[in-house]
Amino acid sequence: MAGLLFTPLAWAALSLLLDFRRGRWLSWLGMLIQVLVSLSLWFAVAGGGGFFYALAGWEAPLGIALRVDGLAVSFVLLTAAVATACGVHAGVYLDPGKSWQRYFWPLFWFLWAGLNGVWLGADLFNLYVGLELISLAAVGLVALGGEAAALRAALRYLFAALLGSLAYLLGVALLYGQFGTLSLTGIAGVVGATEPAAALALLLMLAGLALKTALFPLHGWLPPAHGIAKSPVSALLSGLVVKASFYIAARLWLELGDRLGSQLLAQGLGALGAAAVLWGSWRAFRQPYLKQVVAYSSVAQIGYLFLLFPLTYAVAEPVSRLAQQGITLQVISHALAKAAMFLAAGNLILSVRSKRVDALGGVSHFLPFSLFSFGLAGVSLMGMPPTGGFAAKWLLLQASLASGQWWWIAVLLLGGVLAAAYVFRIYRASFLEDSVSDDFYHPPKTLEAIPMILALLALGLGLVAEPVLSVLALPFEVAAGVTAVQP
Amino acid sequence: MSLTALLPILALLSSLLAAVVIFALPESSHRLRTLVNLLAAVLKLGIVAAMTWGVFRGVDFSVSFSMLPGVSFMLRADALAMLFAGLSAVLWLLTTIYAVGYLEDSPNRSRFFGFFSLCVASTMGIALAGNLFTFFLFYEMLTLSTYPLVVHRGTARALQAGRNYIIYTLGGGVVLLLGIAWLHGLAGDLAFRETGHFQSVDPALHGQLTLVFVLLVAGLGVKAGMFPVHGWLPQAMVAPAPVSALLHAVAVVKAGAFGIVRVVYDIFGIDFAYRQGLLEPLAWLAAFTVLYGSLRALWQLDLKRRLAFSTISQVSYIILGVTLFGPLGTVGGLVHLLHQGIMKITLFFCAGNYAETLGVHRVDELDGAGARMPATSIAFTAAALGMIGVPPLAGFVTKWTLGAGALAAQMEWVVLVLLLSSLLNAAYFLPIVYRLWFLPVAAPWPEERRWGRLETNAWLFWPPLVTMLLLVLVGLLAPTAFSPLSWAQLIAVRMYLP
């Protein structure tokens, strides 16, 4: 349990002492440990229900409390899967000859520690610490390589992230001043309906988190950062990092939104999400560079997540549950599919030696496997059956119908069509057979296999959505008595 | 897991696994790939035959599991499913043989046959789907797996056609999804049931149900090539001949038509649809499409384009049959699902043979081809006569039953449409037949190739002859117990008698 947080931190420190090659061996071992621990924790919760866990036995006001419910362990497991895939990919993809590469592993492990901290954190300040750890590591990863453009993008990312953190911290401070506790459930227990200061705090926190999640129109920092980073880094950033801030926003909303939120705020956030879906997809369609297409696609896909707010505010319990399930599936399937897509895009770029979309002609002939992975991931992003993306869309459609908010239906359907437009643009470019060049590089098999595995996971998620959702729904209250059990 | 649950899954897996294996095989292992293809096709035929026998005897093949809260993935073999599954299993085998010969020595065969198998797996899923949700799953899978086949040649024209294909079909898919989701919100998860679900329904829901019906039929109509959303079909002709054959006879247009059959009978119920007046407008639209497609076909000089417009016309016969309230109309529509497939695939095989052997693509280049390629031309002639409705061929059985159904439903104007359409069929098919047999060769063939003793490659030679034999047999043997006609009657009886 504690290993989930301390192993990454320890590995970060250890790998700092090693060069890239040795760090790689160390990290592979670490990933294996993390995957095994995450899996066993997931099965423990799936079998026995969730619980609160006090780190090192210190209870909540003093120590670090962890909230281990179905949602948290599922995200821990997701992180283990995606991060391991990206880590293995990076180990082969990055050129060990360059001296700066050795910083990849420490940053990678700090990022992982931060992510696990956010998924499991039970009080607002710990969440802040996790969030900061993630942001700093992510900025470092973007800057890795040191080209001027990368540094510019990283700097822009840093400013956005800091501003977001600041707004969030301000909100936390306001809440602490008001209620004297930082525990999320503690605040939820005492907060009343009319508390303007608390409402302001919630607004500030949501705004900060929206900036970090790159919600339209605050998304400007994301495409340059995700587009310029190395492919495995882009995959980590798009797949996991933006989800962390959204996760906090969602937890805040679900605990406090019913009293501190308002219909205006909920619909407003939903509208911004809808705008993100449409604008991001359109921009993705227009990009000349492959990775920019994928990066703008993230802006669009993040937009869907913000439909959580209107679809859970002032609606019946079953509708709210449908929406939560849909959004959770969207988070998971987007994480898998987008990581697969970035890694596959990296392979395609390696193969044709150009970052442009129109240089892809003939690649379906020479690198069918990576293109196929890209395509499968695209199918999930379009929300076509039987992928996880489709399952998410279906649940959100049902929630919109049941709550009578039909305008979101249009967004969901139109978003799918636009996603098809930018994904099929890539297919079209790569099926063209008139290219004269047959100078293609074949990336190693490992690089080709990893995106396929991730894409297949995104696909399979749709087929096993029901059992996955049943674990996600496990609350931590179920087995509050077994606090001390350490799996 | 019992055998009755296993068989539908196996029917699906036989081509799904074939696809995976073919994708995994290296491009150069042609023999192994052909072997896998043929083995899978034969295996599937066996499974489908066994299931058909079981359904005839009243065995219930079904399997389902919960996929999402409130929605299940459900495969079920009823008589209607076996009609479509049987068609696709038989024609898949023949088309695979044909495609092996057709694509000899061309690049990207691994990709082609992989997606080809995926496409057939989707068709099988569409046939066996037990509820609308599962149907939609495979319906969209079909869209995605046919795209690489349409753009297979990778030319600018092929890509343009692929683009239009995907815009039309995905657009239709969105409309369909909206309809399905709405219906699910209104009535929950609806399994296909032979008498439909809405015999008695709260009148307050009638308005919404009518809208849902329109959405569903509009979404399905795109693939069925109904006017005004037929535009993708003639363009998709740029695909290789076996793909066109599959698209027109088995997979895409049939999936749309089959879906409409499912929606009308097994979701809404023919009674409800009739009482709500939903059938009449659909009948008019189908009749218009029948005539429109035939008229457009008259002016096409490209052989495959002429066949494409003919498909638009012929598939709407199925829809027309569905809208005739009464068992006879239903039988006519259902049996045409099969008959049209057999006739149209013969025509496309022949068109492909002319193109591959002689380099002929246009109608006016066919003068005298009958002497050079007698077997192919006999098959073409038989299928063309069948389309026109000459007794005792397959098309005649359809048109006769449809006409009788129209009279029984007191929609005499439909008989007029049938007659007019037959005239038009004759007007665009007979000139080709005349050119084949009675005109002398005008110019040397554009691009002639020779293969030993036979008039063309053996892989291309036999499939049209087999389908020709089928189309004669289903016509001649229509009154016997195991003909498609009797099978369609079996289905209709189950639909009208609760």
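Guide: Two residues are in contact if their C-beta atoms, placed from the backbone, lie within 7 Å. This is a predicted model, where local features need pLDDT of at least 70, side-chain atom pairs count only at pLDDT 80 or more, and totals for chains, interfaces and linings use all residues. Residues are numbered from 1 along each chain as its sequence is written, while chains are lettered from A and ligands numbered from 1 in the order in which they are written.

Visitor: Which helices of chain B do the buried residues of H19(B) pack against?

Guide: Helices are DSSP runs (H or I, at least four residues), numbered from the N terminus. Buried means 20 or more other C-beta atoms within 10 Å of a residue's own, and in H19(B) Leu460(B) and Phe461(B) are among the buried ones. Those buried residues pack against H3, H14, H16, H17 and H20 of chain B.

Visitor: Which element gives the most to the side of chain A that touches chain B?

Guide: Chain A puts 28 residues into the contact and chain B 26 residues. On chain A's side, the elements giving two or more residues are H16, H17, H18 and H20. With eight residues, the top giver is H18(A).

Visitor: How are H17(A) and H6(B) placed to each other?

Guide: Their axes, lines fitted to C-alpha atoms over the stretch in contact, come within 10 Å and cross at roughly 55 degrees. Angles under 35 degrees count as roughly parallel, over 145 as roughly antiparallel, 65 to 115 as roughly perpendicular and the rest as oblique. So H17(A) and H6(B) are oblique.

Key: A residue is buried if 20 or more other C-beta atoms lie within 10 Å of its own, exposed if 12 or fewer, and partly exposed in between; C-beta atoms are placed from the backbone. Axes are lines fitted to C-alpha atoms, for helices over the stretch in contact, and angles run from 0 to 180 degrees between N-to-C directions.
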